[in-house]
There are 2 protein chains.
Amino acid sequence: METLNVSLGERSYPIYIGQNLIDQPDLFERHITSQQVMVVTNETIAPLYLDRVLKSLAGFDVVTVVLPDGEEFKTLNTVETVFNSLLENRFSRNSSLIALGGGVIGDLVGFAAACYQRGIVFIQVPTTLLAQVDSSVGGKTGVNHPLGKNMIGAFYQPKCVITDTCVLESLDARQLSAGLAEVIKYGLVRDAEFFIWLETNMDALTQRSPNDLAFAIERSCSNKADIVAEDEMESGVRAILNLGHTFGHAIEAGLGYGSILHGEAVAIGICQASDLSRRMGFLNNDDVHRIEMIVQNAALPTVPPKELSVSQYLEIMAVDKKNIDGRIRFILLERLGRAKLPCSVEIDRLEATLNEYGRS
Amino acid sequence: METLNVSLGERSYPIYIGQNLIDQPDLFERHITSQQVMVVTNETIAPLYLDRVLKSLAGFDVVTVVLPDGEEFKTLNTVETVFNSLLENRFSRNSSLIALGGGVIGDLVGFAAACYQRGIVFIQVPTTLLAQVDSSVGGKTGVNHPLGKNMIGAFYQPKCVITDTCVLESLDARQLSAGLAEVIKYGLVRDAEFFIWLETNMDALTQRSPNDLAFAIERSCSNKADIVAEDEMESGVRAILNLGHTFGHAIEAGLGYGSILHGEAVAIGICQASDLSRRMGFLNNDDVHRIEMIVQNAALPTVPPKELSVSQYLEIMAVDKKNIDGRIRFILLERLGRAKLPCSVEIDRLEATLNEYGRS
C-alpha cells in the first residue's frame, strides 16, 4: 500500500492506494470517531462491494443508503434523501459518512457530510478510475443545478481516501476511459514527463495492466495533492485542473446530465481547449495532434455530438464558475505539460473553435 | 462607529456598530469585489430598509429577492429559491450576497452564500437585536429540517457585519425582548460583570435607551467574537453559547417552527437549564431566582407553553447537535457568569426539570 498525504494543516489527510484495501477494517477505524456510521452507495456498486465494506465496518452501528446510479441524480433532492435518513436514524455530529462509489456519489455524499450539522466525518471510497484520480481528492463536493454543473457545493476535505485498485477490475471499458481523460489532464497541465509516459503506455492502461494503472493513479493523485495543498480554495493555481472542463461542462449541461460521461465530455473539452490554445498562438499543430492522438488512444471521443449550437455553448458557459462579472474564462495550454491560469479569449477565436467542433 | 474585529486568520472580519450605517456606501464597497450583488430580505424588512440599502449600493448591479417572513420558511426549499435567482441572473463566483434581516434571513442567506459555487462573498446586515448580538456574528449558517433545528448548514464567515442600531427603533417589543434573551446569555456563561450590569439596567434596555442598547450590543458582540476566535468550529468552548438552546430548540421544534420566537424559547430554556444546574448541585436557589427575575424583567417567558410532554421533549432532544452517540448533553451553569462544557445528566434529574416546567 502507498500512502500519499494531502498537506492542508489541520485538514491534512492520507490517500491510501493499494490492492483489496476495502477489506481492511483498520483503515476505516483509524478515522471513524463514533459508533454511528452511514455508508452511501448506488445500485450499481452495492451488489459488487457493499458487503465487503460492511464486513470491514463490523464493529460499528451502520446504516446503508443505496441511491440510483447516474449523474442525473446528483441533485439537491438526492442530498435531502441522505439528510432524511441521517435524521431519521438520529445521527449525531460526531458520526461518519462513507461514500462508496464514483464521482457522483463522492461529490454528493461529501456535500451531505459538509452540511449535516455543519460538518461530520467524511470518508471517500472511490470505485471508478475517475473518482480515484480526481474527484475523491481535494475536497470539492457538490451537486448540479438545472442551470449549471456543480453550482451548489462546498470545499470539504475527507478524513481519508481509500483507493482500492482492485475495484477497477469490474469497471466497464467506457468508465475506465472516462477516468483516463483526467489522467491525461495531469500530464498536460503540469507534468510533461508523465504525458510522455502516457503516450507510450496508454495501451497498457486501457488493457488494465495492474502495475501501470497503479502508477498512473499514484502519479495523478500526487499531482492533484500538490496543487490542492498549494491552493485549497481555488483562488489561483488550482484552476488549471479545470482544463477542458468549461467546454466539457457545457457539453454535459447541453446534452442533459447523464447522456454523456463526465470524463468523455472532459476529453472532448481538452481537445477543444487545445484547439483554442492553438488559435491563441500557444500550441502548434503538432501539439494539438499529439493531444488528439492520446485522447483517441484512450478510447475517448475527440469531438462532441452535433446536438449543440454555438449559441447554446455560449449561453451555458455564461454561468461557469471561473467567470468574472459575466466574462467567460478558459484554462488554456501554454505548451504540453504547462497550463495558463484562467484567461478571457477573443469571442471570434472562441466561436472558431466552437464551429470547428460543432454543428456544420 | 465602533469596529470590533473577529480574529480568525485569513477569515477575520469587522463588525461595524453604529447609527445609520446602512446609509454608508463605503462600508459595503470595502467588501464587495464585483459588480454583481444580490440583496435578500423579507416582506417585513423590505418596506422599512431595502430602499436605503439599495441607495448605498447604487454603484453595483443589484438583484433583490424578498422572501416571506418567519422561521417556518427557514428551509432548504427557500435556499433553493435563492440559488435559482442567482443562477437565472448568472451570478458568478466573485459576486456578493447581502442578508438584510433577522436571524432567519442571516442564517439562510449565509448558507446560500456558503454553497453557491462553493462560496461567495457574504455580508450581514442584521435588523433585529437577536441577529445583531448573536446570529450575525460567528459564521454559523443553516436551515431547519422537520426533524431538527439548524440541522443542515455550514460554518461560513461573513466578510463584514454592518450593525445599524437605528433599525431597532422599528422592532416590535416582543422581538426586542427575544434579542435580550441572548444578551442575558452572554452575562450568564462568561461575563458576570455584564450580568450584574444587566440586572441594574434591564428597564433601560426594554425602554430602548440608545446608549444602553449600544453598550449591550457591543459587549455581547465582544463576548461572542472572543469565543468564536478561540473555537470557530465549536469543538470546545464555543458550545457554551448554547446555554438554554437544547431546551429551547425542543420547544421550538415541538410547537412547530414559527409559533414561538427563537429568543423566547431560549429564555425559557435558560430557566430550565438553570433549574437543571441547581438539581446537579451547581447553582443555589438564589441564583435560579435571579435568573428568572432578569428573564422576567426582559419581558420574556420563564415557563414553556403546556403543549409538550416529557416524552416529546426527550424525543426531540435526541437529535440535538451536541449529542454524542445518542446521549443528550446540556450546557449548564457552574455559577452566575460561568458555564460548563456540554455534559450528560442523570435522566431522573432531567425528567424532574421537564416535569417542573411541563404539563402538570
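1. Before looking at any sheet here, one term: two strands pair if DSSP finds at least two bridges between them. The strands themselves, like the helices, are DSSP runs numbered from the N terminus, where a helix is H or I with at least four residues and a strand is E with at least two. With that in hand, look at strand β2 (residues 13-18) of chain A, which pairs with β9(A) in the parallel sense over 4 bridges.

2. A word on what you have on screen. This is a predicted model, in which local features need pLDDT of at least 70 and side-chain atom pairs count only at pLDDT 80 or more, while totals for chains, interfaces and linings use all residues. Residues are numbered from 1 along each chain as its sequence is written, and chains are lettered from A and ligands numbered from 1 in the order in which they are written.

3. Stay with β9 of chain A for a moment.

4. How buried is strand β9 (residues 160-164) of chain A? A residue is called buried if 20 or more other C-beta atoms lie within 10 Å of its own, exposed if 12 or fewer, and partly exposed in between, with C-beta atoms placed from the backbone. On that count 5 of the 5 residues of β9(A) are buried, so the strand is largely enclosed by the rest of the structure. A:Cys160, A:Ile162 and A:Asp164 point one way, A:Val161 and A:Thr163 point the other way, and all are buried.

5. Now for a helix. In α12 (residues 310-317) of chain A, the buried residues are A:Tyr313, A:Ile316 and A:Met317. Looking down the axis of α12(A), you find them within an arc of 95 degrees, so they line one face of the helix; the arc is that of the directions from the helix axis to the C-beta atoms. Here's the background: an α-helix has 3.6 residues a turn, so residues three or four places apart point the same way. The buried residues of α12(A) pack against α9 (245-255) and α13 (347-357) of chain A.

6. Chain A comes in two parts: its domain assignment gives domain 1 (2-170) and domain 2 (173-357), with bounds that come from an automatic or database domain assignment. Their C-alpha centres lie 25 Å apart. Two residues are in contact if their C-beta atoms, placed from the backbone, lie within 7 Å, and in this sense 29 residues of domain 1 of chain A touch 30 residues of domain 2 of chain A. On the domain 1 side, α5(A) gives the most, with 5 residues.

7. A:Leu4 is found in strand β1 (residues 2-6) of chain A and counts as partly exposed, with 19 C-beta neighbours inside 10 Å. Its C-alpha atom is 5.7 Å from that of A:Pro14, 10 residues apart along the chain. A:Ser135 sits in helix α5 of chain A and, with 25 C-beta neighbours inside 10 Å, counts as buried. Beyond four places in sequence, A:Ser135 is in contact with A:Gly103, A:Gly106, A:Asp107 and A:Leu130.

8. Which elements does chain A bring to chain B? To start with the totals, 35 residues of chain A are in contact with 35 residues of chain B. The elements giving two or more residues to the chain A side are α3 (76-88), α4 (103-115), β7 (140-145) and β8 (148-155), and β8(A) gives the most, with 6 residues.

9. How do the two copies relate? The same surface serves both, as 100% of the contact residues of chain A recur in chain B.

10. Last, over to chain B. Strand β7 (residues 140-145) of chain B has 6 of its 6 residues buried, so it is largely enclosed by the rest of the structure. β7(B) pairs with strand β8 (residues 148-155) of chain B in the antiparallel sense over 5 bridges, and the two form a hairpin with 2 residues between them. Within this pairing, B:Thr141 stands opposite B:Ala154.
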